[in-house]
Amino acid sequence: MPEIKDLENICKQVRRDIVRMVHAVNSGHPGGSLGCTDFLVALYFDIMKHNPAKFSMDGIGEDLFFLSNGHISPVFYSVLARSGYFDIKELSTFRKINSRLQGHPTTHDGLPGVRIASGSLGQGLSVALGAALAKKLNKDDRIVYSLHGDGELDEGQIWEAVLYAAAKKVDNIISTVDVNGQQIDGSTENVLSLGNLRAKWEAFGWDVLEMNGAIMSHVVDTLRKAKTHTGKGKPVVILMKTEMGQGVDFMMGSHKWHGVAPNNEQLAQALGQLTETIGDY
Amino acid sequence: MLLLQSDFKKTQQYLNASTLQHMKFTYTEKKDTRSGFGAGLLELGKTHPNVVALCADLTGSLKMDAFQKEFPDRFFQVGIAEANMIGLAAGLTIGGKIPFTGTFANFSTGRVYDQIRQSVAYSGKNVKICASHAGLSLGEDGATHQILEDLGLMKMIPHMTVINPCDYNQTKAATLAIADFHGPVYLRFGRPVVPNFTPANQVFVIGKAVLLQEGSDVSIFATGHLVWQALEAVEALAAKGISAEIINIHTIKPLDEAAVLASVAKTGCVVTAEEHQMNGGLGDSIAQLLARKKPLPLEMVAVKDSFGESGTPEQLMTKYGLDAAHIVLAVENVLRRKMSHVNS
């Protein structure tokens with residue numbers, strides 16, 4: 001079991017990867033990626049049982065993760081590479097021609113660690129539930145994880161899946177919502193208010209936990225606790241409070257950095273705040 | 001070759017009065033193609049432990065009830081939530097399941113286009129999208145449910161296999177065949193009872209056209225319910241001295257290009273027949289092939305940029321020009337073009 005400090009060090013490196021990757025191609029989504037870094041590092045370096053050295057699509061006997069808000073691909077790719085799914089050197093191909101690291105994640109080019117294409121929002125919860133149902137049929141007791149943006153909850157398909165999961169007692173899934181309160185056109189409050197999110201998920205019949213996605217110890221503790229909530233007849237959701245751009249001060253607290261890359265000056269400024277810990281790609 | 005002046009009413013009367021007793025193809029019963037799907041699915045339940053089925057509140061209509069009863073643990077009732085159904089199916093493949101989704105053709109395609117595109121096709125998932133009540137022959141429910149664009153929608157998606165069998169036996173055979181084929185498939189069938197004339201226990205080969213009747217004057221490429229109409233047209237054409245070749249294109253994509261080109265090399269002109277919009281359907285695929293490889297006169301029996309409406313299946317097929325009489329008419333038109341083409 002890694003120390004919290006070790007996980008935090010990995011987060012610093014992953015955040016460096018994120019800003020360097022989007023800067024290199026002057027495109028991509030740094031804001032949400034930085035906000036979800038602690039969560040993904042906790043999952044891949046501590047919480048999940050998985051086999052990066054020998055990726056199998058079916059993942060029998062492994063915990064599975066599905067990224068539904070595919071635009072935060074920089075953090076996903078960095079965490080996959082850093083945990084051993086592919087060489088970290090490949091991070092330099094992000095969004096370039098002939099790369100396996102497409103703008104949004106895909107299985108199309110055989111990138112190890114990716115099990116579904118995502119990018120068009122709202123589809124990942126259904127897919128994760130399907131994988132959870134397959135695990136039940138296969139008598140595989142591992143858990144399926146999924147991550148969704150709060151803006152993504154505008155999509156109707158999410159609520160079809162939310163209804164289904166509770167009604168059919170799919171209790172081997174832990175879904176997490178990245179509650180950063182921002183989407184492309186502004187705050188979630190102004191674009192399309194989500195109202196009382198906790199009450200909504202509870203009303204649908206989910207077991208709801210909350211956590212602060214910026215504090216690693218809290219992320220790890222909450223994910224461990226969530227695991228103990230599985231297998232009890234209810235799907236589990238974690239409402240994860242985050243800040244877009246977490247770790248880079250000028251990117252925080254605004255939707256401006258949802259899909260904008262830093263320029264040279266901004267990159268230098270960001271890297272100044274993110275110490276290199278386990279080595280740049 | 002004897003070319004008669006077209007008399008559409010006479011042709012219709014002839015077809016209505018005729019017992020078609022000289023036809024090479026006969027049938028002892030009429031059955032619905034959706035029941036062929038249901039029977040195939042039930043058989044797969046017994047032979048393929050990884051086959052699972054999902055339905056969006058239309059279990060009876062899709063004839064999935066026998067599978068549901070026999071294999072309740074492998075059947076997923078998803079409610080009226082088709083987008084979720086497609087996503088669940090994509091997810092179920094991760095872990096080795098072979099999901100068959102079932103709902104009406106309209107809700108299997110247009111309603112869930114992006115889910116099929118991203119979560120199934122682009123993700124390379126082994127999902128079988130099985131769609132009933134396609135086309136005008138759905139009848140009285142009217143245009144909201146009579147999708148005539150589904151073949152086009154599905155064939156445009158990269159790597160999607162698109163199948164439209166012609167009768168009960170062939171739909172059952174196709175259902176069995178797609179379980180052993182790895183990759184996303186769209187399987188289209190319908191509601192009305194139609195002649196069941198292809199052999200029982202036939203082997204269905206995906207992508208391989210079936211030559212039903214050899215002929216020398218015109219190639220008729222038909223799919224789905226229109227295959228039987230093409231066979232009925234053969235006799236009326238024969239009475240006019242026209243020798244028609246009939247080929248059943250059950251797989252719209254990948255198109256059996258070799259079979260099409262071999263036939264037209266012999267006949268020199270083409271009629272296509274389908275229960276679908278002219279835009280995007282079988283005729284469109286064949287026209288594209290011929291334009292690239294061998295431009296020839298071609299006529300299409302298809303719906304011409306129109307929605308359907310309420311009525312009996314027979315009334316609708318006649319009104320929208322999707323019956324044997326209209327195939328005869330199209331053949332006469334294309335032969336006239338062929339002759340002027342030859343003489344010019």
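Predicted model: local features only at pLDDT ≥ 70, side-chain atom pairs only at ≥ 80, totals over all residues.

Leaving aside residues up to four places away in sequence, A:Val25 touches A:Phe94, A:Arg95 and A:Lys96. A:Phe94 is 69 residues from A:Val25 along the sequence, yet the C-alpha atoms of A:Val25 and A:Phe94 are 7.6 Å apart in space.

## Packing of H5 and H6 in chain A

Two packed helices are described by the angle between their axes and the distance between the axes. For helix H5 (residues 124–137) and helix H6 (residues 156–167) of chain A, the angle is about 30° and the axes are 8 Å apart. Because angles under 35 degrees count as roughly parallel, H5(A) is described as roughly parallel to H6(A).

On the H5(A) side the contact is made by A:Leu125, A:Ser126 and A:Leu129, which meet A:Gln157, A:Ile158, A:Ala161, A:Tyr164 and A:Ala165 of H6(A). Sorted by class, the contact of H5(A) with H6(A) comprises 6 nonpolar and 2 polar residues, with no charged residues.

## Chain A as a whole

Chain A contains 10 helices and 7 strands. Its radius of gyration is 17 Å, close to the 19 Å that the globule rule gives for 281 residues, so chain A is as compact as a globular protein of that length. Along the principal axes, the C-alpha trace of chain A spans about 50 × 45 × 35 Å.

Of the 281 residues of chain A, 52% count as buried. When contacts in chain A between residues at least 6 apart in sequence are considered, 76% of them join residues at least 24 apart.

In chain B the secondary structure amounts to 13 helices and 14 strands. The radius of gyration of chain B is 20 Å, close to the 20 Å that the globule rule gives for 344 residues, so chain B is as compact as a globular protein of that length. The C-alpha trace of chain B spans about 65 × 40 × 35 Å along its principal axes, and 61% of the 344 residues count as buried. Among contacts in chain B between residues at least 6 apart in sequence, 82% join residues at least 24 apart.

The domain assignment divides chain B into domain 1 (8–27 + 205–343) and domain 2 (30–195), whose centres, taken over C-alpha atoms, are separated by 26 Å. Their contact takes 32 residues from domain 1 and 28 residues from domain 2. On the domain 1 side, helix H9 (226–239), strand E12 (251–253), strand E13 (270–277), helix H11 (282–293) and helix H12 (313–319) of chain B each supply at least two residues. The residues of that side divide into 13 nonpolar, 16 polar and 3 charged.

## The interface between chains A and B

Between the chains, 22 residues of chain B are in contact with 28 residues of chain A. On the side of chain B that touches chain A, helix H4 (82–92) and helix H6 (113–122) of chain B each supply at least two residues, and H4(B) gives the most, with 8 residues. By class, this side of chain B has 10 nonpolar, 10 polar and 2 charged residues.

Note on methods. Residues numbered from 1 in each chain as written. Chains lettered and ligands numbered in written order. Contact = placed C-beta atoms within 7 Å. Helix = DSSP H or I, 4+ residues; strand = E, 2+ residues; numbered from the N terminus. Nonpolar A, V, L, I, M, F, W, Y, C, P; charged D, E, K, R; others polar. Domains from an automatic or database assignment. Rg over C-alpha atoms; globule rule 2.2 N^0.38 Å. Buried ≥ 20, exposed ≤ 12 C-beta atoms within 10 Å, placed from the backbone. Axes fitted to C-alpha atoms, helices over the stretch in contact; angles between N-to-C directions. Parallel < 35°, antiparallel > 145°, perpendicular 65-115°, else oblique.
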